[in-house]
Amino acid sequence: MTQHIYAHEHPVSDRTRGGGFTLWFTGLSGAGKTTIAHLVGPELERRGHIVEYLDGDTVRTHLSKGLGFSKEDRDTNIERIGWVAARLTRHGAAVIAAAISPYEETRRHARSLVEEFGSFVEVYVKASVDECARRDVKGLYEKAFAGEIKGFTGVDDPYEEPSASEVVVDTEQHDPEGSAALILTELEALGLVEQQVVA
């Protein structure tokens with residue numbers, strides 16, 4: 001069926017709104033990606049940015065519905081998130097993508113898509129498998145350890161730790177608020193957001 005799909009060539013625009021960037025959270029399930037993202041996002045909005053969230057679980061219920069968890073499907077999911085993030089970045093949004101994104105090569109590809117239009121800031125949300133399992137309210141790690149779930153990242157499927165993230169937050173050392181503060185400080189240092197004005 002896919003051999004009968006023909007992509008149309010659309011007019012190419014070289015216009016960008018400017019000021020857009022993507023904040024890419026990567027880390028194990030349960031490391032704290034979404035929790036921290038939901039602290040950073042409202043602060044970015046408070047400082048005048050239009051924020052769009054691309055959460056891994058949410059994307060899988062809409063844009064990537066039907067994909068499984070093979071390496072090919074995981075890569076496809078991340079490539080889709082990267083493509084959408086790039087388009088939103090082009091239009092000036094502050095994009096917060098929070099997905100496990102376990103493979104270094106696929107993260108690099110997402111970066112290359114975004115960097116055509118703006119900055120890509122990788123945030124490695126770091127936590128051990130044991131700590132993530134301890135936090136897991138859904139019981140997914142327990143099922144993975146028991147072999148009831150196959151191909152679970154960090155248990156029987158690899159997570160390739162980032163080698164050069166712009167920000168690393170260790171959530172075993174910092175609470176969510178402290179982690180969010182570290183990220184915002186780095187965004188200020190990079191000139192992507194204005195410094196907080198203290199009244």
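Guide: Before we look at the sheet, note that two strands pair if DSSP finds at least two bridges between them, and that strands (E, at least two residues) and helices (H or I, at least four) are DSSP runs numbered from the N terminus.

Visitor: Fine, and what kind of model is this?

Guide: This is a predicted model, in which local features need pLDDT of at least 70 and side-chain atom pairs count only at pLDDT 80 or more, while totals for chains, interfaces and linings use all residues. Residues are numbered from 1 along each chain as its sequence is written, and side-chain values use heavy atoms, with hydrogens and water left out.

Visitor: In which sense do β1 and β4 pair?

Guide: Strand β1 (residues 21-26) pairs with β4 in the parallel sense over six bridges, and within that pairing F21 stands opposite S119 in β4.

Visitor: And what about β4 and β5?

Guide: Strand β5 (residues 167-170) also pairs with β4 in the parallel sense, over four bridges, with V123 opposite V167 in β5.

Visitor: Is β4 mostly covered or mostly open?

Guide: Strand β4 (residues 119-126) is mostly covered, since six of its eight residues are buried, where buried means under 20% relative accessible area, exposed over 50% and partly exposed in between, with a 1.4 Å probe and protein chains only.

Visitor: Switching to the whole chain, how many helices and strands are there?

Guide: The chain has seven helices and five strands, and from the N terminus on they run β-α-β-α-α-β-α-β-α-α-β-α.

Visitor: How much of the chain counts as buried?

Guide: Of its 199 residues, 44% count as buried.
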